Amino acid sequence: MNGATTSGELRAHNRVRLLRAVHDCGATRTRSQLTRELKLARGTASVLVAGLAEDALLHEEPAPGPARGRPTQVPGPHPRGPVALAADIREDAWELAACELGGRVTVLGVRPHDGTPQDALGPLGEAVAGHARRLGPRLIGVGVALAGPIRHGGLVDIGHLGWRSVDVPALLGLADAEPPLAVGNDTALAALAEARRGRLRGVRVGVHLHVDFDLGGVLVLDGRAVPGASGTGAEFGHMPLGGSTRRCPCGAAGCWAMDVGANALLRHVGLAYGGGRGRAQAERVLATSEEAVTANATALGRGIAALVNAHDPEVVILSGHGVELRERAAGALMAACGPGLMAIRRDHPPRIEASALGWRGSLLGAMESVFDAFLTTEGLELWRKNHPDQARDTPDRQSVMHSTLAGESAP
């Protein structure tokens with residue numbers, strides 16, 4: 001903020017900073033801790049919290065555990081506060097969740113689909129519409145993660161499902177809807193979540209690799225996945241890094257993704273693969289076939305070496321089946337990675353670590369994409385305009401999970 005900043009602009013700026021801090025810490029820090037971290041005066045923090053409570057954005061509850069003197073308060077989500085809907089669309093099923101300020105998730109539904117755009121997106125759009133009606137003005141946006149490159153405007157291509165230029169907003173019925181829709185690549189969104197809540201937090205240069213039916217990967221700079229000129233930058237899986245010469249459904253030959261993931265595991269043992277089918281069989285192969293797992297891990301390690309040479313990351317994060325490959329075949333992975341590193345990289349190789357978020361990363365990243373748009377001065381002002389008659393906060397100890405949402409609570 002510069003010297004010409006008005007008091008109103010400063011207050012609006014600090015409202016965003018405080019809400020952002022509550023969200024990023026998972027609504028776990030006390031008001032005193034947040035005040036120190038944000039370098040606010042205690043009186044300023046008190047006024048900000050009171051105003052945000054009046055706007056149904058924050059609600060304070062006593063900190064857990066014994067306390068001396070005046071109870072310590074923890075700012076968290078208001079029971080009538082903003083809610084984001086987030087969906088993770090995998091090749092064979094989707095999961096829909098409601099997410100509150102601070103990152104708490106309530107799973108609203110899980111549904112398998114047949115791999116076609118209509119069966120995957122149509123029922124999801126209906127589910128979103130139903131929950132949007134129930135939430136009303138509390139809904140601040142919808143975030144959707146998909147296992148393929150996303151071009152600007154929400155067009156997705158998923159080669160191994162035969163999707164070409166699928167208009168995601170149109171099939172969801174959300175092309176011109178309010179609140180806004182954010183559509184992103186599952187690996188890029190998983191990397192965003194890892195940067196906010198996992199092992200990429202505070203990392204300046206990192207690589208995130210997500211392994212499901214095939215492999216996706218993205219470079220992360222200062223907490224953000226590099227999007228590329230058209231928004232389709234999260235495609236390390238379609239680089240010729242694994243040594244394969246097979247033709248990939250994406251149209252290229254020798255894609256790394258052909259040798260890493262559930263499809264590669266199924267192919268290795270002679271089972272049918274492709275089309276987003278065979279998850280259960282692939283998981284059995286992953287648990288029982290040392291040869292198939294070793295082949296997967298070897299291809300994974302070889303490609304990681306190339307990415308390390310190119311990008312010099314501090315850490316490489318593995319999610320999805322990549323976690324199991326690292327656990328079950330760490331020796332094969334490192335044996336393939338080490339010789340591929342330049343000598344200067346071998347002296348100080350990056351850490352190769354398992355995701356802290358497991359399979360939930362893409363869903364959480366979809367949530368973060370919605371809150372990133374909301375936690376701005378413009379987003380908060382729009383909330384106030386849409387909620388002009390909010391009642392003052394009451395110490396009812398409710399959370400969004402126990403008020404208007406129903407579903408399975410998830411970390």
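P82 sits in the loop that joins strand 2 (73-77) to strand 3; helices (H or I, at least four residues) and strands (E, at least two) are DSSP runs, numbered from the N terminus. The model is a predicted one, in which local features need pLDDT of at least 70 and side-chain atom pairs count only at pLDDT 80 or more, while totals for chains, interfaces and linings use all residues. Residues are numbered from 1 along each chain as its sequence is written, and side-chain values use heavy atoms, with hydrogens and water left out.

P82 counts as buried because its relative accessibility is 4%; buried means under 20% relative accessible area, exposed over 50%, and partly exposed in between (1.4 Å probe, protein chains only). Leaving aside residues up to four places away in sequence, P82 touches A56, L57, C99, E100, L101, R138, I140, F371, F374 and W383, where contact means heavy atoms within 4.5 Å. One of these, R138, is 56 residues from P82 in sequence, yet the two C-alpha atoms are 4.8 Å apart in space.

Helix 4 (residues 117-135) comes next. Its 19 residues reach 26 Å from first C-alpha to last, close to the 27 Å expected at 1.5 Å a residue; the expected span is 1.5 Å times one less than the number of residues. The buried residues of helix 4 are P117, A120, L121, P123, L124, G125, V128, H131 and L135. Their cover includes strand 3 (83-89), strand 4 (93-100), strand 5 (105-112), strand 6 (139-146), strand 9 (163-167) and helix 5 (168-172). Just after helix 4, G136 takes a positive phi of about 60 degrees.

Two strands pair if DSSP finds at least two bridges between them. Strand 11 (residues 205-211) pairs with strand 12 (residues 215-221) in the antiparallel sense over seven bridges, and the two form a hairpin with three residues between them. Within this pairing, V205 stands opposite L221 and V207 opposite L219. Strand 11 also pairs with strand 14 (residues 315-320), here in the parallel sense over six bridges, and L209 has L318 as its bridge partner in strand 14.

In a regular strand the side chains alternate between the two faces of the sheet. In strand 11 both faces are covered: V205, V207, L209 and V211 are buried on one side, and G206, H208 and H210 on the other.

The model also holds two cavities of 30 Å³ or more. On a 1 Å grid over the protein atoms alone, a cavity is a set of points where a 1.4 Å probe fits but cannot get out, and lining residues have an atom within 4 Å of a point. Grid points are joined across faces, edges and corners, and a volume is the space filled by probe spheres set on the points. The largest cavity has about 50 Å³ of space and is lined by D88, R90, E91, A147, D186, H210, D212, W359 and S362.

Methods: 1 Å grid on protein atoms, 1.4 Å probe; cavity = no way out; pocket = protein on both sides within 12 Å on 5 of 7 lines; lining within 4 Å.
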